[in-house]
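Dear colleague,

Please find below the sequence and structure that I am handing over to you. A summary of the findings follows directly after them.

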Amino acid sequence: MRRFGTQGPVHPAKNYVVSRATELADFVMRVKEGRYIVIFAPRQTGKTTFFQRALDVFSAEEPAYFPIPLNFEVYEGCTPPVFYSGLYEDLLEAIENVFARRGEIFSEALAEFLESAEITDHLSMQRFFRNFSKLLGDQRVILIIDEFDGIPKEAVKGFLHSLRRIYVSNPISRCPHSVGIVGVKSITQFNCSKTISPFNIQDEFNLPNFTLEQVQELLGQYTAEVGQAFAPEVIESIHKQTAGHPVLVNRFAQILTEESDIPKTQPIRMAHFATAHAQLLEEGNVNLTHLLTNIRGDRRFETLLMKIASYDIGIPFTRHNEIMNELATYGVIKESTDGMCEILNPIYFYCILREFKPIVNGLEQEYFRQEVRDEFQNYFTSTEETE
């Protein structure tokens, strides 16, 4: 039986996974068009899982494309020479893996090139891709770089300039044909240049939190396998309290299906949800711990967050404000439909108010009664009658 995953990327063979079919089709189309795509979103929002699935599509269904996955996380703090040396080794390993999956072997010329090639800086990286493309034939290289934030600061400018130089070259023969850059910080937050953008060709890709329909899809997979149903109002409440945050949705489901003593012959009801909600708010799960660590990191965050949480008058959202931009980068706040700052979801709202309790004198308890307990109360009577 599969499980709900909350630790790292999820895998369809082991975990229940939202298909994100619309988003995946959009991404595949952009890759085929040769775009250089960037997605920068908070951690634990499903970026790595999504791009792994995209790479699987190209590996299994698109033989005209040559997908190369990279991860820069381990290079944080390294010098540029160490970074580029490691990049060459990573590329070599990834290329070998693609050939092995396809049951193919290197041509003699390609084997000699890979053995003798070097990547020591951004210029030799350009030459590597140019020569590799000539030996690869008609296949188009796709480069997906996860955890891009780990790139050494001294290497960012040259690396991005090289990608831009490749992008503006002949679109028919350029290598890589398409690039996907995945991280938390946006390109504009890297201190590359004060006068010119080294990567102004980027195509930004938005990977939103789960919709209500996607939460229904995820939980429905469990019901189809196990036979235990979630009451519709439970699914709606999970989506409302998490705003569809992938890790929080999966954590709710994990508590309800694995850690709660609910017979599999009974549906999961609002009374069960209330207990799971209280557990999630009090536990030290990684996502909530990461949230609080980030907001404790700068005392300026406290002032802005309490204005957002406590004031009747909204605070206009803008990425040009350094504090708002950082909180949005960390996934703490977002722009609401009316252009104002909004804390991402009710769970984060509660945790933030609790964190600053001495200042707001228990306001989080008032919020909990209004936004959570009242929501449950409508269901308690009918639930108890049917038990």
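**Findings**

Cys341 counts as buried, at 9% relative accessibility, where buried means under 20% relative accessible area, exposed over 50% and partly exposed in between (1.4 Å probe, protein chains only). Cys351 is likewise buried, with a relative accessible area of 1%. A disulfide is taken to be a pair of cysteine sulfur atoms within 2.5 Å, and by this rule the count is zero.

Please note that this is a predicted model, in which local features need pLDDT of at least 70 and side-chain atom pairs count only at pLDDT 80 or more, while totals for chains, interfaces and linings use all residues. Residues are numbered from 1 along each chain as its sequence is written, and side-chain values use heavy atoms, with hydrogens and water left out.

As to the protein in general, its secondary structure comes to 16 helices and seven strands; helices (H or I, at least four residues) and strands (E, at least two) are DSSP runs, numbered from the N terminus. Of the 387 residues, 51% are buried. The accessible surface is about 18,900 Å², and carbon and sulfur atoms hold 50% of that area; the areas come from the Shrake-Rupley method with a 1.4 Å probe. Among contacts (heavy atoms within 4.5 Å) with a separation of 6 or more, 73% join residues 24 or more positions apart.

The axes of α12 (residues 299-310) and α13 (residues 322-329) come within 10 Å and cross at roughly 90°. Axes here are lines fitted to C-alpha atoms, for helices over the stretch in contact, with angles from 0 to 180 degrees between N-to-C directions. On the α12 side, Arg300, Phe301, Leu304 and Leu305 meet Glu322, Ile323, Met324, Glu326 and Leu327 of α13.

Most residues other than glycine have a negative phi, and most peptide bonds are trans. The bond from Cys175 to Pro176, however, is cis, with omega near 0°; Pro176 is found in the loop between α6 (153-167) and β4 (178-183). Arg20, in the segment before α1 (21-32), has a positive phi of about 50° and is buried at 5% relative accessibility. Glu147 also has a positive phi, near 50°. Glu147 lies in the loop between β3 (140-146) and α6 and is buried, with a relative accessible area of 18%.

With kind regards
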